[in-house]
Amino acid sequence: MGLVRRDQQPAAEKAAPSAASLVEQLDDPDPDVRREAALGLDGSAEAVPALIPRVAGETDPAVRDAMLTTLAAHDTDEVAEALAVHLASDEASLRTSAAEALATMPGSVPAIIPRLVQDPDHDVRVMTAMVLADLPHPGALTWLADMIRADPHPNVVTAAIDALLPSITPEHTELLRDAVHRFPDDPFLRFTVEAAVG
Amino acid sequence: MTSSTKTAGAALTVSDFEKFRDYFYKRTGIQFTESKRYFVDKRIETCIRQAGYSGFASWFAALRLNDRSGLLQELINQLTVNETYFLREDYQFESLIRTVLPDVLAARGGVGRLNGPVKILSLPCSTGEEPYSIALRLLEEWDQIDHVDVEIHGADIDSDVLARAELASYNERSVHRVPPAWRKKYFTPVGVRYQLDEGIRDAVTLHQINVCDTVAMRGFRDFDVIFCRNVLIYFDELSSRRAAENLYGALRPGGYLFLGHSESMSRISPIFTPARLPEGIVYQRPIGGSR
Amino acid sequence: MTEKRPKVLVVDDAATVRLYHTTLLTGAGFEVSEAANGLEAVEAALNTAFDLFVIDVNMPKMNGYTCVETLRSATVGTPAPIVMISTEDSRGDADRAYAAGANLYLVKPVDKDRLARVARMLTAGVAA
């Protein structure tokens, strides 16, 4: 009894399971097994095609988060394209999780932004503003300003203002005031702009 | 708007400070109140000057856009007190002894019925002060220590600090909070330094590990308690998420995770359940699988 | 003024919405704190006994329903009234909010007078 020492490596160097066996475990009935498998596939490019179609169908949020953590680390066009599809999902948690993942992919996401900001579905454009809010990329603020200037839907403009808020400078004042003039019937937008530019 | 023509030497404007505070909170989970204003201003000015920017605006833009790696790390180094010493933030060790370990024993069937030792992980353990502090407090203050087996593990990514942890020779600054009686009992003065006794040193197992490395972290399993203090703040969003996932995997269901006193899991990952202890917030791996 | 101001926690991932609700509720005499997702709200509620919660439905990390369930569960166990605010004007969502433990379900945009009125009504016992 008391303090005891455990000298053997705690199974640390136990052979890592192969990517193939982890992919198989993605369909295990136990969510914990699926979660560990998704995490274990970190860095395995061959697992991407197996992970992508399982994101939408995964019912356990923790497993889905693990899949997205692994997928986002790839930051490739293939992953960005696949996750962007979920910005249009009817399921709110999938939309926000996909947006969070895309916001961590500055390598591949900028290429699809021009298309996303033109998406006919204004909800997709709202989610795009959320991606841009956190995307560490020099173009993010410009895209957001463009959305505020030109997007026809007040919800999108509000979302873009929201995303720009931490970075607002006096140079944005005119842009924001113009947005208010474009949507005179939106009291929330007016309030937000007044509060933001003082 | 007040003057936006401030030079790097001058104080930040109120709106600069607020923007910065929001950004830093979002990025690290660390919150500064207005009372810390002076401290934060000074540290930011140091960062701006050292990185060679003309003022807050250009520096903050570069920071936010990740234009230059190292800016955030330097900022965090400036804004967090990064020293380690014996019994640092030891109100969490109070929680460990008073609340967490009794709960762990109860959840695992009670003293005498445990299937395996109680396992505690200190990660990052740096030069060893944290895991050795845990060992000292358990030996001196936990009334169950003679009735259960406890394994204490320390892990760090940095082999240099691990070598110093293994050596366990400390300066006055490191041991300044150790009560004289404990110093006498567990340390031997060697010149101006204090050598931790072999008995304690041997009770802690050290490992080199990167907490973001899922494959390596698979070796860490069934821990009852993990201390992971003041490290997740250094990671970018994806890395901190992965680290959180790996720590989750290293815990037993129902196991406890302590973060640093100013850290929060709320901007990183929802997989843990926060719980309030008399001494502060701790995170638990839920018992019924994930969420 | 020495009377006690009721404490309200405004929970929304949109900074503009937090700003809007905070301004309204501060003006209505509340002491307002903010949280940007459900988890932050849970942590805030573990540290402070709020008199009222105003919670968005769709948020990252932890959505509004899970947040309300957690606030009502043993983890927090707050008895304070909870208003959920959603963009979805659907019966199913309202039912889900009430099942989670909300006291009132409102649809965005919430009229500013209405929010202040509802907040005062729900905290009538607290305000001096």
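Student: How much of residues 7-123 of chain C is helix and how much is strand?

Tutor: In this predicted model, residues 7-123 of chain C are 45% helix and 21% strand. An unreviewed UniProt entry annotates residues 7-123 of chain C as "domain: Response regulatory".

Student: How many residues of chain B are in contact with chain C?

Tutor: Chain B contributes 17 residues, in contact with 10 residues of chain C. The size of an interface is often given as the accessible area lost when the parts come together. For chain B and chain C, that area is about 1,100 Å², with 55% of it on carbon and sulfur atoms. Ser266(B), Pro274(B) and Arg276(B) supply 44% of what chain B buries against chain C, more than any other three residues.

Student: Which side chains form a salt bridge between chain B and chain C?

Tutor: One pair is Glu40(C) and Arg267(B), at 2.2 Å from N to O. On the side of chain B that touches chain C, β9 (273-277) and β10 (280-284) each supply at least two residues. β9(B) gives the most, with four residues. By class, this side of chain B divides into nine nonpolar, four polar and four charged residues.

Student: Now the other interface. What area do chain A and chain B bury between them?

Tutor: Read in the same terms, chain A and chain B bury about 3,900 Å², 52% of it on carbon and sulfur atoms. Met1(A), Leu3(A) and Arg5(A) supply 17% of the area that chain A buries against chain B, more than any other three residues. The contact takes 46 residues from chain A and 46 residues from chain B.

Student: In which sense do β1(A) and β2 of chain B pair?

Tutor: The pairing is parallel, over three bridges, and β2 of chain B spans residues 149-156. Leu3(A) has Val150(B) as its bridge partner in β2(B).

Student: How many salt bridges does the rule find across the interface of chain A and chain B?

Tutor: There are four. One of them joins the side chains of Arg285(B) and Asp32(A), 2.6 Å from N to O. The rule also finds 14 residue pairs in polar contact, both residues at pLDDT 80 or more.

Student: Which elements of chain A supply at least two residues to the side that touches chain B?

Tutor: β1 (2-4), α2 (31-40), α4 (61-72) and α8 (122-134) of chain A each do. α4(A) has the largest share, eight residues. The side of chain A that touches chain B has 26 nonpolar, nine polar and 11 charged residues.

Notes
Residues numbered from 1 in each chain as written. Chains lettered and ligands numbered in written order. Predicted model: local features only at pLDDT ≥ 70, side-chain atom pairs only at ≥ 80, totals over all residues. Heavy atoms only, no water. Contact = heavy atoms within 4.5 Å. Buried area = accessible area lost by both parts, 1.4 Å probe. Polar contact = N/O pair within 3.5 Å; in protein donor to acceptor, adjacent residues only side chain to side chain. Nonpolar A, V, L, I, M, F, W, Y, C, P; charged D, E, K, R; others polar. Pairing = 2+ DSSP bridges. UniProt positions renumbered as here; feature names shortened; annotations may be inferred.
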